[in-house]
Amino acid sequence: MMQSTVEDLRVRLKNAADFLFQKSLVRGIEGNISARVPELGAMLIKPTGLPMNKIPPEDYVLVKLDGTIIEGSKPPSKETPMHLEVYRRRPEVNAIVHTHSKMATVFAIVGKPVRAVWMKAAVYGLYEVPVLPFLRSGSVEMGVEVAKALEGRRAVLLQNHGSVSVGKTIEEACNVALALEETAEMQFLASLIGPPRFITLDEMEIIKKTGE
Ligand SMILES: [Zn+2]
């Protein structure tokens, strides 16, 4: 039973990674993805150095939340410390997606939050996606700061770097990453015509109840 859950997660991670690649949210060997394995107190994470669309399910590395590698023929993603820190500090998070997707990263470069400018942002709870100060890739500190900023949120931007999206499932984390990228693009385009009007918290609640 336990084994089948891990195997199921491996296949879902592969499908999610393919989705991120197909939607152009990741390019080359950029980005990483992981899923919590609750019954083992562990996570499955992308191996380092491989493009997202070229990772077979068995290549995902099984890492205990204390950092011990349980199973894996390749080294885990360089952002492993960040993923571990988020799972340790955010029990509600079961999956993490990190990308350098273009439009969200543009906001991270300028240091402007992505905000709820359209229905889809509201559906995915993206009221205001803050930009964290510059943090060193692969550092524990990045994980600590990301985990803190994820209080009541599903995504954060990393200054001059990219974004982190989370979910209760792998599929949800991927959909949040896509919604974030599309929202950034909408906000950018709208700003060319005039100052965008942002959806209010009250309106967010109504949209969450009724859907898109
Ligand atoms: Zn990165």
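Let me start with strand β10, residues 162-167, where 6 of 6 residues are buried, meaning under 20% relative accessible area with a 1.4 Å probe and protein chains only. This is a predicted model, in which local features need pLDDT of at least 70, side-chain atom pairs count only at pLDDT 80 or more, and totals for chains, interfaces and linings use all residues. Residues are numbered from 1 along each chain as its sequence is written, and side-chain values use heavy atoms, with hydrogens and water left out. Strands are DSSP runs of E with at least two residues, helices runs of H or I with at least four, numbered from the N terminus.

What does β10 pair with? Strand β5, residues 95-99, runs antiparallel to β10 and is joined to it by 5 bridges; pairing requires at least two DSSP bridges. Here I96 stands opposite V166. Strand β9 also pairs with β10 in the antiparallel sense, over 4 bridges, and V156 stands opposite V164. The β9-β10 hairpin has 3 residues between the strands, and N160 takes a positive phi near 55°.

Next, helix α5, residues 140-149, whose buried residues are M142, G143, V144, V146, A147 and A149. Their cover includes α2, β8, β9 and β10.

Last, α3 (102-110) and α6 (170-193): their axes come within 7 Å and cross at roughly 65°. Axes are lines fitted to C-alpha atoms, for helices over the stretch in contact, with angles from 0 to 180 degrees between N-to-C directions. On the α3 side, K102, M103, A104 and F107 meet α6 residues including L180 and F188, where contact means heavy atoms within 4.5 Å.

Conventions: Buried means under 20% relative accessible area, exposed over 50%, partly exposed in between (1.4 Å probe, protein chains only).
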